[in-house]
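Student: Hey, can we go through the charged residues in this one together? I'd like to take it slowly.
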Amino acid sequence: MPGQPAVLSQKMGRPLDIVDEMIRVLYWKGLAFPSPKTDPPTWRMARDFVQFHDATILWPEAPQAFLDQWQDIMENEWPDLAKKFSQLLPRPFTR
């Protein structure tokens, strides 16, 4: 990704129906996002860490261990990372 299902199918050498299902699963888990700018949609991965976090924690069937790991990252690692990002980037990376 990024790509449209037919193009991804050709690149991966996999049947289109399999690629469509893979994309559906990635979307359901908060890992792939469609762009409304193209028809058919171009699918892409999360644009940044914050979108990745926010989308994946909404995955309805997420195992508790997965959610616990996110919680640990957000409590123990994210504060220092966010501070470093803020110092390196000319504009805030979040609102």
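Tutor: Gladly, and please keep in mind that this is a predicted model, in which local features need pLDDT of at least 70, side-chain atom pairs count only at pLDDT 80 or more, and totals for chains, interfaces and linings use all residues. Residues are numbered from 1 along each chain as its sequence is written, and side-chain values use heavy atoms, with hydrogens and water left out.

Student: OK, so how many salt bridges does the structure hold?
Tutor: There are 2 salt bridges, the term standing for a side-chain nitrogen of Lys or Arg within 4 Å of a carboxyl oxygen of Asp or Glu.

Student: Which residue does Arg24 pair with?
Tutor: Arg24 pairs with Glu21, and their closest N and O atoms are 2.8 Å apart.

Student: And where do Arg24 and Glu21 lie?
Tutor: Both belong to helix α2 (residues 16-28), where they sit 3 residues apart, about one turn of the helix; helices here are DSSP runs of H or I with at least four residues, numbered from the N terminus.

Student: What about Asp48, what does it form a salt bridge with?
Tutor: The partner of Asp48 is Arg47, with 3.8 Å between the closest N and O atoms.

Student: Is Arg47 buried or exposed?
Tutor: Arg47 counts as exposed because its relative accessibility is 60%, whereas Asp48, at 33%, counts as partly exposed; buried means under 20% relative accessible area, exposed over 50%, and partly exposed in between (1.4 Å probe, protein chains only).

Student: New topic: where is Asp72 found?
Tutor: Asp72 is in helix α4 (residues 64-76), and it counts as partly exposed because its relative accessibility is 40%.

Notes. Helices (H or I, at least four residues) and strands (E, at least two) are DSSP runs, numbered from the N terminus.
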